[in-house]
Amino acid sequence: MKALAMFGFIILCLLSSPGQGMALDCPESLKPRLPTLTLNANVVIREGEKHSFGKILKRGESFPRLSDGPHVFILDQNQNLVFSERFPDFDEVAPVVTHRSLYRKLEEYLGAEPKLIALGEIHFDNGVISSVNNKAGTAFLPNEYLPEMAAVLKERGLPITPETPIVPFDKVKPEHDTEHQIAAFRVKIERDPRLKALNEKLLGFRREAQMRFPRQDSPGLVRWEAFLESQTGPENGFSFSTMADNERIFLGCFSLMESINDRYRVIPVLNERLTPEELDHLISNLYRFEGSFLK
């Protein structure tokens with residue numbers, strides 16, 4: 001009986017008019033839910049960009065578990081999906097993956113020019129999606145299609161929840177640095193054992209702070225104002241009124257860490273402004289900043 005009902009539903013879908021078909025979309029329908037996009041002819045290969053890169057997921061294949069950090073993705077009209085971390089390695093010559101990198105990867109796989117219907121960025125923080133957007137220079141997906149784009153990504157296994165911010169491209173906060181500069185900061189941290197160890201301590205502290213002071217509007221991010229105004233900070237905590245200059249410099253780094261790209265610059269910049277002893281001392285006493293605005 002169930003099989004007969006399903007068969008009847010499929011026949012109804014096939015016989016529907018185009019307008020009705022949109023309302024009664026069939027399972028596995030080939031009918032596009034998003035428009036075919038026009039590539040931006042002005043996009044050129046940039047310094048530090050990987051020529052061809054990304055993992056291809058064919059129709060029906062789902063996203064694997066993604067790591068923390070920024071990711072880029074494209075989707076074509078045949079439901080081929082290509083994605084990658086924005087900075088997948090520490091290659092000093094070509095460390096950045098762009099949507100063009102993904103496009104060339106798919107073009108090589110298909111042996112023809114892909115017809116894109118969606119592309120954008122996925123940001124992961126502390127194991128959850130902190131935002132999804134349609135920011136891309138390769139092609140432009142109008143903001144009106146963002147809900148449908150998010151629905152398609154969720155169907156492909158991306159753990160989007162009702163709390164996940166779906167951000168229009170024109171509302172995406174700009175980074176302080178270019179993608180190539182961000183990648184250079186990452187390489188600098190990775191190549192220096194001391195900076196790498198300091199960065200791991202800072203990120204570990206941030207993970208713990210996020211559990212205690214989560215931002216309600218952005219999953220995975222920290223509400224640092226609540227941390228600085230906490231009434232449960234240590235008795236020997238820092239006080240804003242008596243902080244040394246180097247301690248006040250560090251305060252601005254908390255907000256920088258909440259930008260998924262800007263956080264790569266925190267340790268290298270601090271390393272330039274503070275002595276090794278000062279930086280080591282502050283990294284070892286991060287918890288003393290809790291409640292510093294109340295002391």
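## Glu 121, a buried charge

Glu 121 is buried, with a relative accessible area of 5%. Here "buried" means under 20% relative accessible area, "exposed" over 50%, and "partly exposed" in between (1.4 Å probe, protein chains only). This is a predicted model, in which local features need pLDDT of at least 70 and side-chain atom pairs count only at pLDDT 80 or more, while totals for chains, interfaces and linings use all residues. Residues are numbered from 1 along each chain as its sequence is written, and side-chain values use heavy atoms, with hydrogens and water left out.

You'll find Glu 121 in strand 4. (Strands are DSSP runs of E, at least two residues; helices are runs of H or I, at least four; both are numbered from the N terminus.) The side chain of Glu 121 has two partners to look at: Arg 86, through a side-chain polar contact of 2.7 Å, and the side chain of Asn 133, at 3.0 Å. A polar contact is a pair of N or O atoms within 3.5 Å; within protein, one must be able to donate a hydrogen and the other to accept it, and residues adjacent in sequence count only if both atoms are side-chain atoms. Leaving out residues up to four places away in sequence, Glu 121 touches a group that includes His 71, Val 72, Phe 73, Ser 131 and Lys 135. "Touching", or contact, means heavy atoms within 4.5 Å.

Asp 125 sits in strand 4 and is buried, with a relative accessible area of 1%. Its side chain is joined to that of Ser 130 by a polar contact of 2.9 Å. Not counting residues up to four places away in sequence, Asp 125 also touches Asp 68, Arg 206, Gly 220, Leu 221, Ile 260 and Arg 263, among others. Ile 260 is 135 residues away along the chain, yet the C-alpha atoms of Asp 125 and Ile 260 are separated by 7.8 Å.

## Two loops with positive phi

Move on to Asn 126, in the loop between strand 4 (116-125) and strand 5 (128-133). Asn 126 has a positive phi of about 50° although it is not a glycine, and at 21% relative accessibility it counts as partly exposed.

Gln 79 is another non-glycine with a positive phi, this one about 65°. Look for Gln 79 in the loop between strand 2 (69-76) and strand 3 (81-85); at 24% relative accessibility, it is partly exposed.

## Asn 134 and its partners

Asn 134 lies in the loop between strand 5 and helix 4. It is buried, with a relative accessible area of 1%. The side chain of Asn 134 makes a polar contact with the side chain of Asn 143 (2.9 Å) and reaches the backbone nitrogen of Phe 169 at 2.7 Å. Beyond its neighbours within four places in sequence, its contacts include Leu 119, Gly 120, Phe 140, Leu 146 and Val 167.

## Helix 4, one face in

Which residues of helix 4 (residues 146-155) are buried? They are Leu 146, Met 149, Ala 150, Val 152 and Leu 153. Seen down the axis of helix 4, these fall within an arc of 160° (taken from the directions from the helix axis to the C-beta atoms), so they line one face of the helix. An α-helix has 3.6 residues a turn, so residues three or four places apart point the same way.

That buried set packs against strand 2, strand 3, strand 4, strand 5 and strand 6 (166-167). The face turned away from the buried side carries the exposed residues Pro 147 and Glu 155. Helix 4 is followed by Gly 157, with a positive phi near 95°.

## The whole chain

Stepping back, the protein chain has ten helices and six strands. Buried residues make up 45% of its 295 residues. Of the contacts with a separation of 6 or more, 70% come from residues 24 or more positions apart.
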